[in-house]
Every structure is written in C-alpha cells, then in structure tokens.
Amino acid sequence: MDHQSTSASQAPLAAEFVNVSKSFGAFTIIDDLNLQIRPSERVSLIGPSGSGKTTILRLLMTLERPNEGEIKVFGDVLSAGGEGAAKARPDREFRAIRGKIGMVFQQFNLFPHMTALENVMEAPVQVLGTQRQEARDLAECLLKRVGLAEKGASYPSQLSGGQQQRVAIARALAMKPQIMLFDEITSALDPEVIGEVLEVVHNLAHETKMAMLVVTHEMGFARDIADRVIFMERGKIVEDASPGEIFNSPRNDRTKAFLNAIKR
Amino acid sequence: MNFSPQIVAELLPALLRGTVVTLYATAAGMAVALVVGLLIAIARRGSNPVAVLIIDSFVTVVRSTPLLIQLYLLFYVLPLYGPSFSPLFTGILGLGLHYSSYISEVFRAGIDAVPRGQWEACIALQFSRVKTWTRIVLPQAFRIVLPQIGNYLISMYKHASLLATITVVELLGAALNFAGETFRYFEAFTLVGIIYFVIGFAFSRLVRYLEQRTTYGRA
Ligand SMILES: Nc1ncnc2c1ncn2[C@@H]1O[C@H](COP(=O)(O)OP(=O)(O)OP(=O)(O)O)[C@@H](O)[C@H]1O
Ligand SMILES: [Mg+2]
C-alpha cells in the first residue's frame with residue numbers, strides 16, 4: 001500500500017479525513033482520525049461495538065458534523081470542525097459535493113408510503129429533475145439489477161427484509177454516487193436472507209467503479225469485498241492493511257484479540 | 001303534543017338549508033384549522049425563540065378559553081378596533097383558529113412519529129428541506145394523524161352549532177328561528193337532533209374506517 005503517496009498527487013482522493021474528531025457530550029467517539037479512500041477503492045471497516053464505525057460513515061454522509069478537523073470529498077471540503085466550520089459554503093456547492101456520496105442503512109429507511117419503484121424513482125425525479133419516464137426506466141433497470149424486477153409495485157411492508165434492503169441499495173444507486181457507504185446492511189436481517197443481499201453488493205463491486213466503505217460484522221464479507229481492511233477501536237485506527245494481512249497475520253495484538261473473539 | 005307532519009314539511013326546507021351552512025362552516029373551519037395548525041407545528045420546530053414564544057402564547061390562550069367567548073370577541077369586540085367580517089366568515093375563522101391550537105399538537109405528534117431514519121434517508125438522497133417535508137415527512141405524518149383529525153372534524157361539526165349565537169343561520173339557528181316564530185319547539189328540536197345524529201354518525205363511521213386502514217399497501 002505504499003504506492004499511495006505517489007499516485008495521490010495525480011488523482012484526488014475520493015474521501016479524506018484530516019485530523020477529524022467527533023465527540024458526543026464528554027465522550028470522544030472519533031479521536032484525531034486520518035483516513036484516505038482512493039477512487040474505486042473498497043474498504044472494510046471492522047471493530048468492536050461502539051468503536052465509532054457508524055460515526056465515520058455518518059460524518060461522511062454529513063449526518064454528523066465533526067468537532068475538529070476536515071473531511072474532503074474529491075478534493076473539496078465537505079465539512080469541517082473548529083475554525084474551519086466558520087467558512088460555510090453555499091448550499092448548492094455543498095450539495096454538489098455531498099451528492100457524490102450515497103448510503104445504505106442498517107434499517108433500510110425505505111419510504112413506506114411509496115412502492116419499491118417509486119422509492120427508487122423519487123430522488124432522481126425530485127432532486128435531479130429527471131423526467132418521470134426516464135427515471136422509471138432507470139428504476140426498473142436498477143430493481144432488475146438487485147434481482148427485484150417483479151417487485152416494483154410492492155410496498156416495503158409487503159417485502160421481506162432482504163428484499164427491502166435490496167430496494168434500498170437500488171435507491172441509493174439511482175443517484176449515481178461515487179462513494180457508497182454501507183452500514184451493517186445485513187444486521188437487521190434474518191440469517192436466511194443475508195446471502196442474497198451480500199451477493200448484490202459483491203456484484204456491484206465487480207460491475208461498478210464506485211468506492212465503497214463497508215462497515216460489517218460479517219468477517220467473510222469484510223475480507224472478500226475489500227482491497228483494504230481497517231480495524232478500529234475507541235475512535236482510532238489500530239490497523240490498516242490488506243485483507244490477507246489483517247485476517248491471516250494481523251500485526252496488532254488488539255486486532256488478533258478481536259478476530260479471535262469473533263471467531264468463537 | 002302531537003308530532004305534526006305538516007309542521008315537519010314546513011320546517012324541513014329551512015333545516016336543510018341550515019345543514020348546508022353547518023357543513024360548509026365545518027369544512028371551511030377545518031381547512032383553516034389544518035393550514036394554521038400545520039404552520040404552527042412546523043414553526044414550533046424552528047429555532048426562532050420569539051416565534052416559538054408567540055405561538056405558544058396563542059395556543060395556550062386559545063385552549064384555556066371557551067370557543068363561545070372567542071366567537072363573541074371576534075364578532076362583537078374585534079370590529080370596534082379592527083376589521084369586521086360577515087357572521088359566517090367570523091364563525092369559520094373562530095372555529096378554525098380554535099381548532100388549530102389542538103390540531104397543531106396532533107401534527108406535532110404525527111411529525112415526531114416519522115422515524116429519524118426517514119429524515120436521514122432524505123439527506124443521503126440529497127433532498128432539499130422543502131422536498132423532505134412535502135414528499136416524505138408530511139405524507140407519512142398525515143397518514144398517522146388522519147383518525148385524530150377525523151375526531152376533531154366530528155367535534156367541530158357539533159361545535160359549529162355555536163355559530164347560531166353570532167347570528168349565523170346554520171342548522172341550530174334555523175331550528176331556533178322556526179321555533180321562535182311558531183312555538184313548535186317539539187318538532188324543531190326533535191328533527192334537528194335527528195339530523196345532527198345522522199350526519200354525526202356517518203362521520204364517526206368514516207373515522208373508524210380510516211382508523212382501520214393505517215398501513216400502506218393493504219388497501
Ligand atoms: N448521537 C449520539 N449521541 C450520543 N452518543 C452517540 C451518538 N451516536 C453515537 N454515539 C456513541 O458513540 C459511540 C460509537 O458509536 P458508533 O455507532 O459509531 O459505533 P459502531 O462502531 O458503529 O458500533 P456498532 O458496531 O455497535 O454499530 C457509541 O458508544 C455510541 O453510544
Ligand atoms: Mg454501527
């Protein structure tokens with residue numbers, strides 16, 4: 001992973017955390033974090049509960065704001081804490097930067113008052129101003145891609161958890177993000193439908209060039225999907241290496257302890 | 001005293017005209033209450049402390065005083081210092097503002113009942129604030145509060161009889177006029193009671209129906 005310093009000067013990083021800290025009340029959840037994600041890179045984020053994995057994704061999606069440091073997306077400052085927070089950018093500019101990021105949530109967060117197809121069409125139509133017919137074609141294509149061509153007319157309440165999560169993936173894809181965030185997208189699912197959702201993400205990894213930041217407790221998935229695995233604890237990155245290294249020969253004792261605890 | 005069919009025949013047209021006025025006042029009053037109630041609910045979530053204080057004061061005063069007094073103030077006192085409106089318009093305004101103070105609470109609870117994940121999905125999909133409200137939050141909140149709004153509609157429909165006291169010839173007013181002229185209180189109030197009941201019963205059935213279908217995709 002040493003080629004990074006040479007290639008970074010040409011293409012901007014997809015996402016970059018520079019000395020980012022985030023605290024809730026007295027608790028520091030993200031502690032002076034530096035993280036770089038290159039375009040098209042697939043990164044798995046693993047670590048014990050409460051270590052701050054979700055918070056990293058939420059910071060990148062601007063669902064949370066940093067207290068300190070700077071978060072950049074393709075070279076533009078997305079959000080900043082401390083002194084940097086003062087120079088707020090115009091809304092249009094900000095949304096153009098944030099628009100490069102998409103997110104799939106643990107709880108799906110589908111719109112319950114819309115069918116699967118409408119869920120996928122809604123943002124292109126309402127946000128991007130796409131023509132309805134064009135958005136419908138796109139939505140049908142995306143539903144097909146996640147294996148739900150037949151379910152466009154169903155409401156979320158009529159779908160299984162695995163199907164709902166696949167609709168949510170299609171919905172996020174409809175905005176054509178360049179960085180996709182997955183936050184434990186199988187944790188709310190019954191064991192028998194986890195496979196179908198992971199398969200969809202695997203296919204995406206093969207078929208697209210999106211950067212992916214994947215938080216998961218499924219270690220097999222974390223290993224297979226990633227170019228790079230980050231183990232974190234208490235708001236800090238403990239080890240950042242290739243999947244082979246992390247899972248076969250972790251250097252850090254805490255990484256070892258975590259992986260051993262998970263195996264049992 | 002006998003129930004005279006002839007009297008009923010004389011009375012009925014006036015009562016039906018009154019019914020139309022009552023239904024019109026209820027519908028218009030509810031429209032005012034929904035719009036003002038929604039604006040109150042949204043403004044209360046805002047961060048402007050002065051606006052929140054003014055709105056809270058309005059809601060508290062309106063809720064702590066009888067509708068009848070509010071109607072008198074609007075009809076007899078307001079014209080001394082400000083604009084004067086027709087009796088019916090005044091009545092609609094009074095009903096609407098009175099109920100807006102309750103309906104704003106219903107909306108507030110309905111909006112709060114929309115899960116946080118819905119707002120976050122809107123951010124992740126780049127929705128503007130306006131689109132977040134109009135496309136995602138309010139449609140779900142409306143669905144949640146519909147049965148309660150229905151109950152307030154029934155209540156307002158009955159409360160609309162107070163408009164008789166500010167000279168609006170709605171259903172009760174029509175009965176009072178007729179009884180005052182003919183002294184046939186028996187027919188007038190029996191009939192007016194029946195009409196109130198039939199329409200009110202239909203309303204309450206409708207509300208019960210709405211209560212039963214609150215999930216999506218089960219129509
Ligand atoms: N809005 C919030 N207010 C207060 N504390 C919060 C908030 N969000 C997160 N936290 C706390 O921050 C810590 C890290 O949370 P985070 O969700 O990022 O962890 P995680 O690594 O995703 O854990 P898990 O594996 O359980 O999902 C937790 O202790 C959590 O309680
Ligand atoms: Mg988490």
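**Entry 1: the largest pocket**

I began with the largest pocket, which has a volume of about 390 Å³ in this predicted model. My search ran on a 1 Å grid over the protein atoms alone, where a pocket is an open set of points with protein on both sides within 12 Å along at least five of seven lines, and a cavity is a set where a 1.4 Å probe fits but cannot get out. Grid points are joined across faces, edges and corners, and the volume is the space filled by probe spheres set on the points.

Which residues lie nearest the centre of the largest pocket? I found W119(B), I123(B), S128(B), R129(B) and T132(B) there, out of 16 lining residues, lining meaning an atom within 4 Å of a point. At least two lining residues each come from α3 of chain A and from α1 (5-45), α5 and α6 (129-159) of chain B. Helices here are DSSP runs of H or I with at least four residues, strands are runs of E with at least two, and both are numbered from the N terminus. By class I noted 7 nonpolar, 3 polar and 6 charged residues in this lining. For the classes, Ala, Val, Leu, Ile, Met, Phe, Trp, Tyr, Cys and Pro are nonpolar, Asp, Glu, Lys and Arg are charged, and the others, Gly among them, are polar.

Housekeeping for myself: residues are numbered from 1 along each chain as its sequence is written, while chains are lettered from A and ligands numbered from 1 in the order in which they are written. Local features need pLDDT of at least 70, side-chain atom pairs count only at pLDDT 80 or more, totals for chains, interfaces and linings use all residues, and side-chain values use heavy atoms, with hydrogens and water left out.

**Entry 2: the cavity**

I then counted 1 cavity of 30 Å³ or more. About 100 Å³ of space lies in the largest cavity. Its lining has 16 residues, with G102(A), M103(A), A172(A), A124(B) and L125(B) nearest the centre. The largest share, 4 residues, comes from β6(A). I noted 12 nonpolar, 3 polar and 1 charged residue in the lining of the largest cavity.

**Entry 3: the sheet of chain A**

Next I traced an open sheet of 4 strands in chain A, ordered β2-β1-β4-β5 with antiparallel pairing; strands pair if DSSP finds at least two bridges between them. β2 (27-37) and β5 (76-80) stand at the edges with a single partner strand each, so one side of each has no neighbour in the sheet. The twist averages 25 degrees from one strand to the next.

I went through the bridges pair by pair:
- β1(A) and β2(A) share 7 bridges, and K22(A) stands opposite I30(A).
- β1(A) and β4(A) share 5 bridges, and S21(A) has E68(A) as its bridge partner.
- β4(A) and β5(A) share 4 bridges, and K72(A) has V77(A) as its bridge partner.

In the hairpin of β1(A) and β2(A), with 2 residues between the strands, I saw G25(A) take a positive phi near 60 degrees.

**Entry 4: helices α7 and α8 of chain B**

Last, I checked α7 (171-182) and α8 (185-212) of chain B, whose axes come within 9 Å and cross at roughly 170 degrees. Axes are lines fitted to C-alpha atoms, for helices over the stretch in contact (heavy atoms within 4.5 Å), and angles run from 0 to 180 degrees between N-to-C directions. α7(B) and α8(B) are therefore roughly antiparallel, the term for angles over 145 degrees. Their contact residues divide into 12 nonpolar, 1 polar and no charged.

Note on methods
Parallel < 35°, antiparallel > 145°, perpendicular 65-115°, else oblique.
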